[in-house]
Amino acid sequence: MQTILGSNGQIGHELAKELYKNYTKEIRLVSRKPQKIHDSDELVSADLLDFNETNNAISGSDIVYFTVGLPMDSEMWMKQFSKILDSDSTLRTLIWTPDASRAMALIGNADDAYGQTWHLPCDRSLTYKEMINIADKIENEKLSYSIIKLWKFKVGSLFNKNAKELLELLPRYEVDNLFNSDKFKKRFPSFPVTSFESRIKQILVK
């Protein structure tokens, strides 16, 4: 039995599919309101902020996956192409969600990976301006975008619930956000990391 904590998110769904396809059919999905992805999935409702509930949820499970990270997916990208928060010149390291799910499953099923800290595999770090330049070349046209300054976002959060929930993320947009996944790449040298060029192309053709 392998358990995914926070299973309702995109990475959680992709991770469950990867585990089912390549590792095990015995999967436990844990969140406040878990939903089955496969008929054989075991569902456990739990508040992951509650230590006791989390311990009960993982009881009898061999492996636990925490589905957290800075994902790079289609919805986020379509928003980022038109509006960028604070700056287009700070460096960003973004995880391609299919890579993240495959990597988490791989780490969780490698005995020598236990008890260590791992950064999931990422391509190089780029600014949003550089990412949009890549998109320009793929689309063969200049994509327009605007930058929302933090003070404007803070004012908007007074009237918009979704913006208010994102306030705690604001500090990460003011500085370079960098991850180093060299450790993962050294341990799993055959793992294919999707490039920014390939990611953006896949998003734009959808």
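1. Lys142 and Asp136 form a salt bridge, with their closest N and O atoms 3.5 Å apart. A salt bridge here means a side-chain nitrogen of Lys or Arg within 4 Å of a carboxyl oxygen of Asp or Glu. Lys142 is exposed, at a relative accessible area of 66%. Asp136 is buried, at 9%. The cut-offs are these: buried is under 20% relative accessible area, exposed is over 50%, and partly exposed lies in between (1.4 Å probe, protein chains only).

2. Keep the source in mind. This is a predicted model, in which local features need pLDDT of at least 70 and side-chain atom pairs count only at pLDDT 80 or more, while totals for chains, interfaces and linings use all residues. Residues are numbered from 1 along each chain as its sequence is written, and side-chain values use heavy atoms, with hydrogens and water left out.

3. How many salt bridges does the structure hold? There are 7. One of them joins Arg187 to Asp112, with the closest N and O atoms 2.8 Å apart. This pair links distant parts of the chain, 75 residues apart. Arg187 sits in helix α8 (residues 182-187), and Asp112 lies in the loop between α4 (97-108) and β9 (126-127). Helices (H or I, at least four residues) and strands (E, at least two) are DSSP runs, numbered from the N terminus. Arg187 is partly exposed, with a relative accessible area of 32%. Asp112 is also partly exposed, at 44%.

4. Now look at Arg124 and Glu197. Their side chains meet in a salt bridge, at 2.5 Å from N to O. Again the pair links distant parts of the chain, 73 residues apart. Arg124 is in the loop between α4 and β9, while Glu197 is in helix α9 (residues 196-204). Arg124 is partly exposed, at 37% relative accessible area. Glu197 counts as partly exposed too, at 33%. Asp123 joins Arg124 and Glu197 in a network of salt bridges.

5. Finally, check helix α4. It has 12 residues and reaches 16 Å from its first C-alpha to its last. That is close to the 16 Å expected at 1.5 Å a residue. The expected span is 1.5 Å times one less than the number of residues.

6. Is α4 buried or exposed? In α4, 9 of the 12 residues are buried, so the helix is largely enclosed by the rest of the structure. Among the buried residues are Thr97, Asp99, Met104, Ile107 and Gly108.
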